[in-house]
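Here is a short briefing on one protein structure. Look at the structure first, then read the points by topic.

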Amino acid sequence: MTPARQPWALRAYLVLARVLAPVWRQGLQRRLLRGKETPRSVRQKLGSEYADRPEGTLVWGHAVGVGESMALAGLFARLAERRPDCSFLITTTARTSGDALRRTGLPPRCQHQFAPVDTPDAVARFLDHWRPSLALWCEMDLWPALIAETDARSIPRALVNARMSPESLSKRRWGRWLYQALLPGFHDLFAQNETTADALVALGAPRERITVSGTIKALVPPLACDADDLDAWQQALSERPVWLLASSHPGEEDLALAAHVRLCEQHPDALLVIAPRAPARGLEVAALASTSVSKDVPLRSAGAHIATEAPVYIADTIGEMGLWYRLAPVALVGGSFASVGGHNPHEPLALGCAVLHGPNVWNFAESYERLDSLQQARPVNSEAEVAREVAAVWGANRPVDTTALLDEQAEAVIERVQALLPR
């Protein structure tokens with residue numbers, strides 16, 4: 001829409017964003033001094049450095065967190081298969097997201113860069129350079145100046161994988177005038193559940209453009225790992241049965257360790273790998289494990305790169321879940337016993353690792369419900385159930401069938417997004 005037709009709230013935001021441009025620059029410089037930015041990320045966010053734009057149709061997607069950026073990568077990988085004439089760009093605001101994309105590997109013909117700060121000048125430089133044919137926002141990281149300028153250039157746009165709880169809707173109501181200006185311009189809005197669909201309507205989105213599509217995180221590409229490291233571990237473990245506690249939170253280690261004690265009664269050489277969600281908790285978790293198994297417990301961060309005879313190993317490093325999911329045929333996915341809401345079950349499943357989970361999985365409620373029905377994930381409620389299900393996976397010696405895991409709803413999102421592209 002032209003500036004004259006923009007709602008007052010959006011016009012006011014854009015004026016304020018232009019005035020505050022020096023504040024953005026100062027903030028980025030402070031983050032650079034604290035090690036939270038790199039010189040390159042600062043230049044990209046301010047619009048003074050870009051990679052070369054490929055010729056032809058460019059699809060741009062924006063995400064904030066690691067999970068969202070990986071979901072976009074999976075979506076773009078599927079689109080790349082269908083549209084060999086298209087190139088792709090993923091922007092993120094956080095360094096961790098960019099690092100995760102580089103570790104896993106970007107889809108074909110895809111680049112990553114940092115999103116511009118939300119000032120009219122930085123946004124204009126970004127769009128002048130990249131000239132996207134289609135813009136996707138993943139989840140709810142919606143920057144008004146960026147969306148408004150995309151709208152002004154008549155670039156088709158869609159919101160994918162949107163998710164809001166009643167609590168997050170309450171927090172966003174303070175900016176409802178801005179949402180009422182921005183959301184009607186999206187051609188399609190894909191909500192993970194009905195709660196989110198209702199929240200989008202409450203913020204001003206047209207109901208007829210909203211589709212409840214579930215999560216597209218089933219599309220995440222397999223996490224990467226170092227092939228030499230994987231080979232060394234497989235040789236060192238030989239025939240030892242292994243299982244994993246993935247992305248654990250306080251209290252969940254106690255449950256897993258109690259289950260492991262039970263497992264060791266029948267499998268004395270069993271190994272439990274614990275990967276705490278916060279690697280800084282490594283020493284704390286190692287001390288807890290040592291008390292439980294009455295033996296020293298090695299930490300990866302302390303230089304114990306291969307498990308020896310220890311019954312428990314602490315994987316307290318960042319960016320190596322692809323290794324642990326490949327080594328373990330079964331994982332208890334953390335955050336599902338703590339009041340966290342569960343973590344992504346699609347990452348282990350993509351690597352053939354069976355999933356166990358506790359009752360608290362509201363972050364991925366639809367995914368877990370479907371995966372439970374397919375028996376690709378199993379709910380557990382106690383240490384005894386954890387031990388029984390881990391032993392069952394070991395006994396079955398049957399890899400997870402990942403061919404059935406691409407949700408039909410995620411496939412529908414791909415089709416709808418593809419329809420927005422120029423022919």
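Helices (H or I, at least four residues) and strands (E, at least two) are DSSP runs, numbered from the N terminus. H249 sits in the loop between β8 (242–248) and α12 (252–266). This is a predicted model: local features need pLDDT of at least 70, side-chain atom pairs count only at pLDDT 80 or more, and totals for chains, interfaces and linings use all residues. Residues are numbered from 1 along each chain as its sequence is written, and side-chain values use heavy atoms, with hydrogens and water left out.

- H249 counts as buried, because its relative accessibility is 15%. Buried means under 20% relative accessible area, exposed over 50%, and partly exposed in between (1.4 Å probe, protein chains only).
- Contact means heavy atoms within 4.5 Å. Not counting residues up to four places away in sequence, H249 touches R277, R281, G334, G335, A338, V340 and H343.

- The buried residues are P144, A145, L146, I147, A148, T150 and D151.
- They pack against α1 (8–19), β1 (57–62), α6 (120–130), β4 (134–138), β5 (157–162) and α9 (176–182).
- Just after α7, S154 takes a positive phi of about 60°.

**How α1 meets α7**

- The axes of α1 and α7 come within 10 Å and cross at roughly 115°. Axes are lines fitted to C-alpha atoms, for helices over the stretch in contact, and angles run from 0 to 180 degrees between N-to-C directions.
- The two helices, α1 and α7, are therefore roughly perpendicular to each other. Angles under 35 degrees count as roughly parallel, over 145 as roughly antiparallel, 65 to 115 as roughly perpendicular and the rest as oblique.
- The crossing of α1 and α7 is left-handed. A crossing is left-handed if the near helix is turned anticlockwise from the far one by less than a right angle, and right-handed if clockwise.
- L10, Y13 and L14 of α1 make the contact with P144, A145 and A148 of α7.
- By class, this contact of α1 with α7 has six nonpolar, no polar and no charged residues. Ala, Val, Leu, Ile, Met, Phe, Trp, Tyr, Cys and Pro count as nonpolar, Asp, Glu, Lys and Arg as charged, and the others, Gly among them, as polar.

**How α2 meets α3**

- The axes of α2 (residues 21–33) and α3 (residues 39–46) come within 10 Å and cross at roughly 165°.
- That makes α2 roughly antiparallel to α3.
- The crossing of α2 and α3 is right-handed.
- R25, L28, Q29 and L32 in α2 meet P39, V42, K45 and L46 in α3.
- The contact of α2 with α3 has five nonpolar, one polar and two charged residues.

**Nonpolar cores**

- A nonpolar core is a set of buried Ala, Val, Leu, Ile, Met, Phe, Trp, Tyr and Cys residues joined through side-chain atoms within 4.5 Å.
- The largest such core has 53 residues, and L75, F76, W233, L244, W324 and Y325 have the most contacts inside it.
- Helix α4 (residues 66–82) gives the most to this core, with eight residues.
- Apart from it lies another core, of 38 residues, among them F126, A148, F186 and A199.
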